[in-house]
Amino acid sequence: MDAIKFVLNGVEVAYEGSATDRLLDVLRDTYGTKSVKCGCKEGECGACSVLIDGTLINSCCVAMGAVDGCSIVTVEGFRETERFAALEKAFAGISAVQCGFCIPGMILAAEALLSKNPHPTTDEIREGLSGNLCRCTGYNAIVSAINTAAKEGNGLW
Amino acid sequence: MEKISQSVVKKDHLPKITGRSCYVGDYVGDILVGKMLRSKYARAKVLSVKVPELPEGYYYVDRNDVPGDNNVNIVMDDTPVYAREIVEYIGEPIAMVCGPDEAVVKEILSKIEVEYEELEPLLDLRLATEAHFDYEYGKGDLEKAFAEADKVYVEEFETGYQDQAYIECQGMMAEPEADGRMFVHGSMQCAYYVHGAVARVLGCGPSGVHVLQDVTGGGFGGKEAFPSILGSQVAVAAKKAGKAVRCIFDRDEDLEFSSKRHPSLNTYKIAVKDGKITAMDIDVKFNGGAYTTLSAVVLQRGIIAASGVYNVPNLHVRGRALKTNSTPSGAYRGFGAPQTFFSVEMFMNHIAQDLGIDSIDFKLANVVKQGDGTSTSGIYHFPVPLVDMLNEVDAKTDLFKKHKEYSKPQTGRYRKGIGMSWYFHGAGFTGSGERDHIKAVAKLHKYPDGSVEVLACNGEIGQGLRTTFPKIVAHELNIPLEKVYYDHPDTARVPDSGPTVASRSLMVVGELLRRAAIKLRDVWVDGEDQIVTENFKEPDFMIPFYIDKFQGDAYPTYAWAVNAIEVEVDTYTGVTKIVNATGNFDVGTPIDWNIVMGQMEGGFLQGIGYTSTEKIYYDNKGRMRNTTFSDYLIPTSKDVVDLNCMLHVEKYPNGPYGAKGAGELPLVGAPGAFVEAVEMALGAGHKINHMPFNAEEVIKELSKEV
């Protein structure tokens, strides 16, 4: 069988394993992108969120065969961008990171949201994050940080 | 704002947000995967286990492989590392299979045949009689007070399980080292608890083990004692295999088989005379599950708080943690107090309704003040700011007016309610625990380059200790924060400053560090390598606490809170929408404003989840039915409005810069406020005395004839 070809954080890769392997496992074990966390393996918590062609998707629910020809972004790639810098600064300013386990997924959820809607309302932010569970913060600080990033990073999205 | 309260960028912010932090699941290398063989029955005798022939490099590990004692040291020693002949709950680990390939490990597990002789399990708390712990205390003349009362009320309250639902599941790893020591690390709150437990299980003495807390994806009490069990299990496996073994739970496994908050059944009898409470007779039952784990201390805190924030001159409290054939219950933020505060707050509302007065007025008429006696005949030594805090909440929410307005009969599909609860959280370990058991030690190590390392064992679990500890030290030494650092603790190189529990770390260990910093400042010599040590000292104002009698100051001071929750109930669907959730919290001086607010908001939402959607269902065999986040529902960002948290500051002179215990407080009172609000919306005649109260419960309540 042909290798599964996709772009991971801007780099073309060819996966030689099975098309039925789980994207989450492959990202962590084969490509070492450990920012992608496993919180439930059932598509509920969002800790393993990645961007597939710009759409926020739980990588635990994706078989490798489905990513052939796609472009995948994880925090390892996204952290090199100006958009990340704006989000990082806003999260820092209100101490929105506690245990940190949900945070890479949250950051990508924020990116997915702001890419489609650069000036979201609070309700729209809450909607945009609703697939990503956080047990530490009560969400206030995360919502507020994304609000700040949208304002301070005006023009980036 | 005081300088120490001004927020800084958290020390662990950057590694976490960039995804570079290494959690236990992120280690790579030659690591065997461990998975549990678990009991299928709630109570059974294991007659035989047939293990298929194992491929090379795979191991089957059970109690026969334990080199030392097959009992995990928690408070007592009754929790087995691997099951004895009789299994006591569904999911009890009988053995672990480990090997290089997870798929092969799972296949081996599926082929193992266990022959059981089923025994009758005890699953219902109401039928339980065997007490893990049975405590009793009181004061005054109960009989006389009940005889002289205008009215006597009796009501039973019931609360459910709650899972900590940290987003990183339980995970521990053990690696045999070349020098013969066992290196155990993973997701945990209390490195020295794990250290003590593993040393005993391996039979190697304390020097044969060292334990590192890895970056930990949330704890909330769930990683207080449980990692001692899982750490012991992986250590035994690593010892047998001679290789690193890691066991990380799947989510369903974690939800079902790790310890949760104790369900409770609390019966209150209250005497009222002239609008005042004159006596309470309280019977508290906690479902401890199959083994004792932390039930003793959870129960102690629960029964000390049982009479709430009210002056009760005549009091009798009995508390039991009862054995059932269920997953052992354990620590969860609030530690027994949310159950009893819910009960007493709801009962105060119900009595006020019967007396025909507003429950806030009734609560005000009975609330404690500074100098009053506590339930255990100690004293509230410091100001009790509850009335001021209540007024502050009213100013924000219009509580008093709404409370009267929404109590009037309502019609229509959507109905409103607002509930208020107030409560304390005793700061630090219960009783003389700090003095007699913990005996915390903390150190500062100053290096020749002028940097200072905090040496303590309290784990950063998101609550900010890697930032707040250095903040205190840098502040006292008057050096830049960048010069002070606090790494994740490894018991090989840090002293035992006590567990990361009981909202104690910042208040108790933070104060030790502040004093150590003063010491260091006094002896500081540029360019030298210097270490200073500070030991715990009991505050001198304390009335000694005797745990056998429950007499004395159970806590040196208290954190206080007032919560108001406003709801709108859809009487067609049962769905309750939270319109406003306001929490006023007194945790003393915030050592970092953002960090403390993050604790308040996060804890408050966990409390809201606990009382509204987080219901756990069991079948009649004792198996948990909802073991995923699709059906065990913790709040999402969309389920709530912005939480409205405020800080009221009453400084505690023996905490660093006036700080008190903070972490647990915000969770404790949400149930009382939420359920009162729902009850009010449903209208007079609906008397709710159980929670969680989800949409299904609303519909059940509405279907009753009132």
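1. A crossing of two helices is called left-handed if the near helix is turned anticlockwise from the far one by less than a right angle, and right-handed if clockwise; in this predicted model, the crossing of helix 7 of chain B and helix 8 of chain B is right-handed. Helices here are DSSP runs of H or I with at least four residues, strands are E runs of at least two, and both are numbered from the N terminus.

2. On conventions, residues are numbered from 1 along each chain as its sequence is written, while chains are lettered from A and ligands numbered from 1 in the order in which they are written. Because this is a predicted model, local features need pLDDT of at least 70 and side-chain atom pairs count only at pLDDT 80 or more, whereas totals for chains, interfaces and linings use all residues.

3. As to confidence, the predictor gives the complex an ipTM of 0.99 and a pTM of 0.98. For chain B the mean pLDDT (the predictor's confidence in each residue, from 0 to 100) is 97, with 100% of its residues reaching 70 or more.

4. Returning to the helix pair, the axes of helix 7 (residues 295–304) and helix 8 (residues 337–355) of chain B come within 7 Å and cross at roughly 25 degrees, the axes being lines fitted to C-alpha atoms over the stretch in contact, with angles from 0 to 180 degrees between N-to-C directions. Helix 7 of chain B is therefore roughly parallel to helix 8 of chain B, a label for angles under 35 degrees.

5. In that pair, B:Arg301, B:Gly302 and B:Ile303 of helix 7 meet B:Ala337, B:Gln339 and B:Thr340 of helix 8, where contact requires C-beta atoms, placed from the backbone, to lie within 7 Å. These contact residues divide into 2 nonpolar, 3 polar and 1 charged; Ala, Val, Leu, Ile, Met, Phe, Trp, Tyr, Cys and Pro count as nonpolar, Asp, Glu, Lys and Arg as charged, and the others, Gly among them, as polar.

6. Between the chains, the contact takes 40 residues from chain A and 41 residues from chain B. Several helices of chain A each supply at least two residues of the side that touches chain B, including helix 3 (82–93) and helix 6 (140–152), and that side has 21 nonpolar, 9 polar and 10 charged residues.

7. Within chain A, the domain assignment gives domain 1 (4–77) and domain 2 (81–152), with bounds from an automatic or database assignment. Their centres, taken over C-alpha atoms, are separated by 21 Å, and 15 residues of domain 1 are in contact with 13 residues of domain 2.

Notes: Two residues are in contact if their C-beta atoms, placed from the backbone, lie within 7 Å. Angles under 35 degrees count as roughly parallel, over 145 as roughly antiparallel, 65 to 115 as roughly perpendicular and the rest as oblique.
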